[in-house]
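Student: I am new to this structure and would like to go through it step by step. Please show it first.

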Amino acid sequence: MFQTLREDIESVFERDPAARTFLEVLLTYPGLHAIWLHRVAHWLWRRRLKLIARWLSTLNRFLTGIEIHPGAKIGRRFFIDHGMGVVIGETAEVGDNVTMYHGVTLGGVSLEKGKRHPTIEDDVVIGAGAKVLGNIVVGRGSRIGANAVVVKSVPPNSVVVGVPGQVVVRSQPRPAAPDLQHDKLPDAI
């Protein structure tokens, strides 16, 4: 458990140049607080304490402005930067080393029971305001541009821009570090 907490804090320092000290990150990063409260709520959810888990999730939203359903599966080193308005649905799955910015929605498009939210594989970056909707997969190492609306699965190592999202497969290998350069997205037209 302490290993996970330490990794969560380290991911802030790796992906946010504004992070200065351990204490600052611990006290002032709502994305970090939201992930930690979600981990507790998810633990309760898996033990069938669903009402308590939902209550904790609602408290989490009130405190952080980030709504993560307790049923959502979140991987290691997940980083939400400027998290206000983030919504992650019940059957969403988020892999390891994923970075997400404010206003992102991982939403469903169906009233059916069962899997109805996206699966985000490892090492994905999702830009501010992006909407990833439905039971789709965003492949490993992909980038979703700001305000893109993604309604179809995305192959690994792709970039998605526009409304509806247009997939551009990378011609260059993705860098080893998180690819956070939102000003360098392709023009899909």
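Student: Which helix gives the largest share of the lining of the largest pocket?

Tutor: This is a predicted model, in which local features need pLDDT of at least 70, side-chain atom pairs count only at pLDDT 80 or more, and totals for chains, interfaces and linings use all residues. Residues are numbered from 1 along each chain as its sequence is written, and side-chain values use heavy atoms, with hydrogens and water left out. Helices are DSSP runs of H or I with at least four residues, strands are runs of E with at least two, and both are numbered from the N terminus. Of the pocket lining, 4 residues, the largest share, come from helix 3.

Student: How much space lies in the largest pocket?

Tutor: On a 1 Å grid over the protein atoms alone, a pocket is an open set of points where a 1.4 Å probe fits, with protein on both sides within 12 Å along at least five of seven lines; lining residues have an atom within 4 Å of a point. Grid points are joined across faces, edges and corners, and the volume is the space filled by probe spheres set on the points. The lining includes Met 1, Trp 36, Trp 43 and Arg 76. The space in the largest pocket is about 220 Å³.

Student: Why are helix 1 and helix 3 called roughly antiparallel?

Tutor: Axes are lines fitted to C-alpha atoms, for helices over the stretch in contact, and angles run from 0 to 180 degrees between N-to-C directions. Angles under 35 degrees count as roughly parallel, over 145 as roughly antiparallel, 65 to 115 as roughly perpendicular and the rest as oblique. Helix 1 (residues 2-15) and helix 3 (residues 30-46) have axes 10 Å apart, and they pack at an angle of about 155°. That makes helix 1, relative to helix 3, roughly antiparallel.

Student: Which residues of helix 3 meet helix 1?

Tutor: Contact means heavy atoms within 4.5 Å. From helix 1 come Thr 4, Leu 5, Asp 8 and Ile 9; on the side of helix 3 they meet Leu 32, Ile 35, Trp 36 and Arg 39.

Student: At what angle do the axes of helix 3 and helix 4 cross?

Tutor: Helix 3 and helix 4 are roughly antiparallel to each other. The axis of helix 4 (residues 50-64) comes within 8 Å of that of helix 3, and the two cross at roughly 175°.

Student: Which residue is joined to Val 163 by a cis peptide bond?

Tutor: The loop between strand 14 (158-161) and strand 15 (166-169) holds Pro 164. With omega about -10°, the cis bond joins Val 163 to Pro 164.
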